[in-house]
Amino acid sequence: MNDAKRPPLPRLGHTLVFVFGTLKNGFPNFAINHGRRVGAAFRTLERRPLLLMGARHVPWLIDSPGLGERVAGELYEVDAAALAAMDDLEGVGRPDGYHRKALRVQAAGDDTAVSAYVYMKHAEQVVEADVQLGPLAEYTLEHAALYRRRDGQAAY
């Protein structure tokens, strides 16, 4: 395998995180993302439902393997401080928050996969009446324009 096709490995003390929603470059919460982008476009190896939820149109990736789509996103290498900031934004450890789980993701045009952490919600957190849109294959800027911050303000 040549170096161009070698799966990305994080530097010592760093973690790979796959982001699919507001933490992507140019999206509402990107300022929280202090990682170094790795490669171009990535996609989850397994299908998962990506939904826009509630009046705030928050993107939720649901931990239900085999349902939904192979979700597009970006891969970042983050240090411990950046990971802690992402965990805080995503409410890791709170009952209503996301959980961080390792998934296999694949670069566009490459057949190798790499393990990266992804922020997901448990299926039992989904209230069907709150689903605004989905399942989606990609969270786009059009979707982000619908997103509202916790204070109710538009993100853009």
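Asp96 and Arg94 form a salt bridge in this predicted model, with 3.3 Å between the closest N and O atoms. Both partners are partly exposed: Asp96 has a relative accessibility of 49%, and Arg94 has a relative accessible area of 39%. A search of the whole structure gives 7 salt bridges.

Glu77 pairs with Arg36, and their closest N and O atoms are 3.0 Å apart. Glu77 sits in strand 5, residues 72-78, and Arg36 in strand 2, residues 36-44, so this pair ties together parts that are 41 residues apart in sequence. Glu77 is buried at 2% relative accessible area, while Arg36 is partly exposed at 43%.

The other pair is Glu74 with Arg37, at 3.4 Å between the closest N and O atoms. Here too, distant parts of the chain are linked, with Glu74 in strand 5 and Arg37 in strand 2, 37 residues apart. Glu74 counts as buried at 9% relative accessibility, and Arg37 as partly exposed at 32%.

Now the backbone. Which residues does a cis peptide bond join? They are Gly134 and Pro135, and omega is about 10°. Pro135 belongs to the loop that runs between strand 8 (131-133) and helix 2 (141-144).

His57 is also in a loop, between strand 3 (50-53) and strand 4 (58-61). His57 is not a glycine, yet its phi is positive, about 55°. Is His57 buried or exposed? His57 has a relative accessible area of 17%, and because buried means under 20%, His57 counts as buried.

Terms used
Residues numbered from 1 in each chain as written. Predicted model: local features only at pLDDT ≥ 70, side-chain atom pairs only at ≥ 80, totals over all residues. Heavy atoms only, no water. Helix = DSSP H or I, 4+ residues; strand = E, 2+ residues; numbered from the N terminus. Buried < 20%, exposed > 50% of the residue type's maximum accessible area, 1.4 Å probe, protein only. Salt bridge = Lys/Arg side-chain N within 4 Å of Asp/Glu carboxyl O.
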